Amino acid sequence: MFALPNLLYAYDALEPYIDAKTMEIHHAKHHAAYVAKLNEALAQAPELQNKSLEELLSSLDSAPEAIRTAVRNHGGGHYNHSLFWTLMKPGGSDQPQGELAARLAKSFGDWTKFREAFTKATLGLFGSGWTWLVADSSGELSIVTTANQDSPISQGLKPLLGLDVWEHAYYLKYQNRRPEYVEAWWNVVNWPTVAARLEK
Ligand code: MN
């Protein structure tokens with residue numbers, strides 16, 4: 001059985017960029033619902049119950065067809081949100097440092113260009129989904145978007161940074177102003193965690 005992870009900071013810790021009410025509903029309602037529905041689906045497939053979330057999502061084809069979509073949506077939702085919470089931190093951190101900064105510069109020109117490209121991908125994403133900085137199996141970095149709760153690990157990509165672009169992530173504070181949400185979010189990105197994910 002999967003469980004809702006605790007946040008490492010209070011719901012109001014990302015104010016004023018991400019408001020407390022949004023964080024609370026996002027974590028305690030939306031994320032909790034993904035966990036509950038994933039467990040509900042897995043209850044019908046005992047053979048999958050000793051698999052890790054990463055294993056489930058990287059081999060969706062091996063899930064019985066009756067629950068495959070549920071594992072994809074709710075397993076993806078659980079994985080993506082569990083990661084998302086760790087990619088933000090109170091007060092944020094200025095910008096990427098060290099090896100991460102060098103790799104972003106190599107792939108995108110420089111840090112500012114990476115940020116522009118990531119923002120552009122986010123603003124161009126139609127409907128609900130996520131924007132990601134990912135590494136492929138050869139370590140090449142790129143920016144991708146996924147629809148709904150699809151996770152990059154289902155495509156063999158390792159997510160280093162991800163931004164939730166579902167309206168539930170910003171609507172209470174920003175309503176339809178997605179650009180303002182994205183602009184604010186850059187202030188709370190946890191770059192040391194992104195760098196640690198790259199190293200692994
Ligand atoms: Mn979300």
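Along the sequence, the donor residues of the manganese ion follow the spacing H-x54-H-x82-D-x3-H. Donors here are N, O and S atoms within 2.8 Å of the metal (3.2 Å for Na, K and Ca); water is not among the atoms, so sites may look incomplete. The ion is coordinated by His26 (NE2), His81 (NE2), Asp164 (OD) and His168 (NE2), at 1.9 to 2.1 Å. Both His81 and His168 are buried, where buried means under 20% relative accessible area, exposed means over 50%, and partly exposed lies in between (1.4 Å probe, protein chains only).

The model is predicted, so local features need pLDDT of at least 70 and side-chain atom pairs count only at pLDDT 80 or more, while totals for chains, interfaces and linings use all residues. Residues are numbered from 1 along each chain as its sequence is written, and side-chain values use heavy atoms, with hydrogens and water left out.

Helices (H or I, at least four residues) and strands (E, at least two) are DSSP runs, numbered from the N terminus. Before helix 1 comes a segment that contains Pro16, and a cis peptide bond joins Glu15 to Pro16, with omega at about 0 degrees. Helix 1 itself covers residues 20-42; its 23 residues reach 32 Å from the first C-alpha to the last, close to the 33 Å expected at 1.5 Å a residue. That expected span is 1.5 Å times one less than the number of residues.

Helix 1 has a kink of about 30 degrees centred on His26, the bend at a residue being the angle between axes fitted to the seven residues ending there and the seven starting there. His26 is also one of the residues that coordinate the manganese ion. The buried residues of helix 1 include His26, His27, His31, Tyr34 and Leu38. Among the elements that cover the buried residues of this helix are helix 2 (53-58), helix 3 (65-86), strand 3 (158-164) and helix 6 (171-174).

The protein chain is divided into domain 1 (20-86) and domain 2 (98-199), with bounds that come from an automatic or database domain assignment. Their centres, taken over C-alpha atoms, are separated by 20 Å. The contact (heavy atoms within 4.5 Å) takes 20 residues from domain 1 and 23 residues from domain 2. Between the two domains about 1600 Å² is buried, and carbon and sulfur atoms give 58% of this area. Buried area is the accessible area (1.4 Å probe) that two parts lose on being put together, summed over both.

Leu163 is found in strand 3 and counts as buried because its relative accessibility is 0%. Leaving aside neighbours within four places in sequence, Leu163 is in contact with residues including Phe84, Phe118, Trp130, Tyr181 and Trp185. Gly129 lies 34 residues from Leu163 along the chain, and 8.7 Å separate their C-alpha atoms.

Two loops hold residues with a positive phi. Asn148, in the loop between strand 2 (141-147) and strand 3, has phi near 55 degrees although this residue is not a glycine. Asn148 counts as partly exposed because its relative accessibility is 41%. Gln175 lies in the loop between helix 6 and helix 7 (178-185) and has a positive phi of about 45 degrees, again without being a glycine. With a relative accessible area of 29%, Gln175 is partly exposed.
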